[in-house]
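Reader: Could you walk me through this structure slowly, and tell me what the terms mean as they come up?
Author: Gladly; have a look at it first, and then we can begin with one contact.

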Amino acid sequence: MMNRIKELFKINYPIIQGGMIWHSGWRLASAVSNCGGLGLLGAGSMYPDILKENILKCKAATNKPFGVNIPLFYPDIEEVLKIILEEKIKIVFTSAGSPKTYTEMLKKEGIKVAHVVSSVKFAMKCQDAGVDAVVAEGFEAGGHNGREETTTLSLIPNVRQNIELPLIAAGGIALGSQIKAVMTLGADGVQIGSRFAATKEASSHERFKQKIVETREGDTHLTLKELAPVRLIKNKFYYDVEKLYESGRNAEALKEILGRARAKRGMFEGDLEEGELEIGQSSAFIDEVLSVEQVFEKLLYEFNVALCPEL
């Protein structure tokens, strides 16, 4: 079946793995690509030399397309872009910044560019900037999120009405039936984060993966809007942040409590109390840590059942 995302990225299934910090190393990205999706290396939690190492290992582990996700606020972004050009990476997903900044330069190098947004307004800016695809991410997503709190169910059809580009739905998607639902609403493909975070190949700590499995409805909340909105599991660090809100929304106080490497401490090092534990609402129905291959089998089976219930 013809599909614009499959054609754009030369993949078998229009399923893209989120370039999540502290999860998306070469093992996860190559496994997703080998299963027919598009794996992404998460540059946001890698120093340039670590990113290069992951690119080389990913190339050795798969002959299928893979890409790199770059948050545009990354402090060493010029060095990261240099590595991407040197290593001839053909797919780049950008986020957390203006798509105009690097899209033209990347496309001149033959690189396909997708940009992540949380609103129709910014989706239209992406189209004007010349990106190849837009990722529209709803409020349900984990990690850094939009301030608008628009759900995926509302965001996708609205974005679809306003842009002509290939559209990738993200936020709260972890089931094959959800893939079918957002494609019915106008998406050409999906980007999945939380479900791939709870896989054997993800580079995050095993304690955090088990915490994802244990998380239920209502156990996550969007907070830290004064800095950058992020969806967190409710733990000691989360409640410490909430106590600060009782005395007012002081951005400097929030920066002080956040400190440095709080996300690494939680997701990569496994400190479930003092660490920042980013995950989406779909964690509520993720009940086991699977291999990437098992996740694909499950997603495709569920999608086909949703497509033809008599199967």
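Author: The side chains of glutamate 149 and lysine 225 meet in a salt bridge, with 2.3 Å from N to O, where a salt bridge is a side-chain nitrogen of Lys or Arg within 4 Å of a carboxyl oxygen of Asp or Glu. This is a predicted model, in which local features need pLDDT of at least 70 and side-chain atom pairs count only at pLDDT 80 or more, while totals for chains, interfaces and linings use all residues. Residues are numbered from 1 along each chain as its sequence is written, and side-chain values use heavy atoms, with hydrogens and water left out.

Reader: ok, and which domains does the chain have?
Author: The assignment gives domain 1, made of 4–203 + 287–305, and domain 2, made of 206–281; such bounds come from an automatic or database domain assignment. Taken over C-alpha atoms, the centres of domain 1 and domain 2 are 23 Å apart. Domain 1 brings 24 residues to the contact and domain 2 brings 20, contact meaning heavy atoms within 4.5 Å.

Reader: how much area is buried between domain 1 and domain 2?
Author: It is about 1900 Å², and carbon and sulfur atoms give 59% of that. Buried area here is the accessible area, found with a 1.4 Å probe, that two parts lose on being put together, summed over both.

Reader: and how many salt bridges and polar contacts cross the interface of domain 1 and domain 2?
Author: The rule finds 1 salt bridge across that interface, along with 9 residue pairs in polar contact, both residues being at pLDDT 80 or more. A polar contact is a pair of N or O atoms within 3.5 Å; within protein, one must be able to donate a hydrogen and the other to accept it, and residues adjacent in sequence count only if both atoms are side-chain atoms. On the side of domain 1 that touches domain 2, the elements giving two or more residues are β7 (143–144) and α9 (194–197); helices (H or I, at least four residues) and strands (E, at least two) are DSSP runs, numbered from the N terminus.

Reader: how many salt bridges are there in the whole structure?
Author: A search of the whole structure finds 14. One of them joins glutamate 104 and lysine 108, at 3.5 Å from N to O, and both residues lie in helix α5 (residues 103–108), 4 residues apart, which is about one turn of the helix.

Reader: are glutamate 104 and lysine 108 buried or exposed?
Author: Glutamate 104 and lysine 108 are each exposed, where exposed means over 50% relative accessible area, buried under 20%, and partly exposed in between, with a 1.4 Å probe and protein chains only. Glutamate 206 also forms a salt bridge, with lysine 209, and their closest N and O atoms are 3.1 Å apart. Lysine 209, however, counts as buried, at 1% relative accessibility.

Reader: how far apart are glutamate 206 and lysine 209 in helix α10?
Author: They are 3 residues apart in helix α10 (residues 206–214), so about one helical turn separates them.

Reader: switching topic, where is serine 204, and what does its side chain contact?
Author: Serine 204 is found in the loop between α9 and α10, and it counts as buried because its relative accessibility is 5%. Its side chain makes a polar contact of 2.8 Å with the side chain of histidine 23. Not counting residues up to four places away in sequence, serine 204 touches Trp22, His23, Ala197, Lys209 and Met267.

Reader: what about helix α6, which of its residues are buried?
Author: In helix α6 (residues 120–129) the buried residues are Val120, Ala123, Cys126 and Ala129, and they pack against α5, β5 (112–117), β6 (133–137) and α7 (152–162).

Reader: which residue has a positive phi although it is not a glycine?
Author: Lysine 10 is one of them, with a phi of about 60 degrees; this lysine 10 sits in the loop between α1 (4–9) and β1, and is exposed, with a relative accessible area of 64%. Alanine 96 also has a positive phi, of about 55 degrees, although it is not a glycine, and its place is in the loop between β4 (91–95) and α5.
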